[in-house]
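Please read it alongside the sequence and coordinates shown here.

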Amino acid sequence: LAVHVDRVFGEVLVADTGHGRIVILDEAGTYKFEFSGDEHLASPSGLLVDSQGRIYVLGSTIDGRVVRVFDFDGVFLETRSTDTPDGPCRKITSIALDEADNLYVLDDGSFRVCTWDREGRFRHSFDLMSEMDPDERQKQVVGSLEVIADRVYVALSSLGTVAVYDGSGNHVRHIGYRGNSAGELNFPVDVAVQDDLVMVLDKHRFTVVCFDQGGRFVGEFGGKGQSPGWFYHPTMLEADGQGQVYVGQIFQNKIQVCRIPDFIVNGVNASSWAQESGKPDVQS
């Protein structure tokens, strides 16, 4: 299960892993179109749309996960190379595109992020958790990545934090720390960013935990349950840029559309104003 909100063309794309297809809806949830790629689209688990409307799909093959590109009619175009000077990406778990259509790949097999330009030329790669002992790094679990405005966000699930890098791979900061109380992260699996708001999906706390860009906690929403607005081991988070987020979970094959609560929007706006004005940012 994966979802992508195409902010340019106003569509919502859903990867139906069990049926090997991509379903396209409008913003109101009305069915528009679907396609399946047979051998080109086995078990899709990641979705992106570039500025030209081409659809990038992360899917599984007998040789591992690959990134394949389709046009807006679902016609297969190409398989993107994920080879690097240091060898191929061995275990791709997440993909992202920046504003220039550069492709970012999270390689869980070697704990690194690799990137290529829109023509498929390799740009660079950088290691995750490079300061850790190699044996300890091999024990860690990594979630998804997000790329917004020259920032790369990676959910470090087993460490209970989100690592933030610049576009060159330099570490900027960590957001959140491990714990089970409000504002803490037990097992973060996905990240969505809207303006100055960084939203982190915590699978084991069943919540969306929200921070400003500096890492200050501003609130959270959700919780364990099956009623509307409640989650059960959610795994996917996507923002539409219009004040709504999509939260997906395998249980009941459910994707919920939630409006970001006003108290969180107001909290991050107040934090941004305090930083811009030079006033102390006091937490209550």
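The side chains of Glu119 and Arg121 meet in a salt bridge, with 3.4 Å from N to O; the term denotes a side-chain nitrogen of Lys or Arg within 4 Å of a carboxyl oxygen of Asp or Glu. Glu119 counts as exposed at 53% relative accessibility, where exposed is over 50% relative accessible area, buried is under 20% and partly exposed is in between (1.4 Å probe, protein chains only). The model is predicted: local features need pLDDT of at least 70, side-chain atom pairs count only at pLDDT 80 or more, and totals for chains, interfaces and linings use all residues. Residues are numbered from 1 along each chain as its sequence is written, and side-chain values use heavy atoms, with hydrogens and water left out.

**Salt bridges**

- The structure holds 11 salt bridges.
- Side chains of opposite charge can pair when their charged atoms come close.
- Lys91 and Asp108 form one of them, with the closest N and O atoms 3.9 Å apart.
- Lys91 sits in the loop between β10 (87-88) and β11 (92-97), and Asp108 in the loop between β12 (103-107) and β13 (112-116), so this pair ties together parts that are 17 residues apart in sequence.
- Strands here are DSSP runs (E, at least two residues), numbered from the N terminus.
- Lys91 is partly exposed at 47% relative accessibility, whereas Asp108 is buried at 13%.
- Asp107 forms a salt bridge with Arg112, the closest N and O atoms being 3.3 Å apart.
- Arg112 is buried, with a relative accessible area of 7%, and Asp107 is buried at 0% relative accessibility.
- A network of salt bridges links Asp16, Arg21 and Glu34.

**Strands β7 and β8**

- Strand β7 (residues 64-70) pairs with strand β8 (residues 76-80) in the antiparallel sense over 4 bridges; pairing requires that DSSP finds at least two bridges between two strands.
- Arg68 stands opposite Thr79 in β8.
- The hairpin of β7 and β8 has 5 residues between the strands, and Gly74 in this hairpin takes a positive phi near 85 degrees.

**Surroundings of Ser94**

- Ser94 belongs to strand β11 and is buried, with a relative accessible area of 8%.
- A polar atom of the Ser94 side chain lies 3.2 Å from the backbone nitrogen of Leu145.
- Leaving aside residues up to four places away in sequence, Ser94 touches Leu58, Tyr104, Val105, Leu106, Gly143, Ser144 and Leu145, where contact means heavy atoms within 4.5 Å.

Terms used
A polar contact is a pair of N or O atoms within 3.5 Å; within protein, one must be able to donate a hydrogen and the other to accept it, and residues adjacent in sequence count only if both atoms are side-chain atoms.
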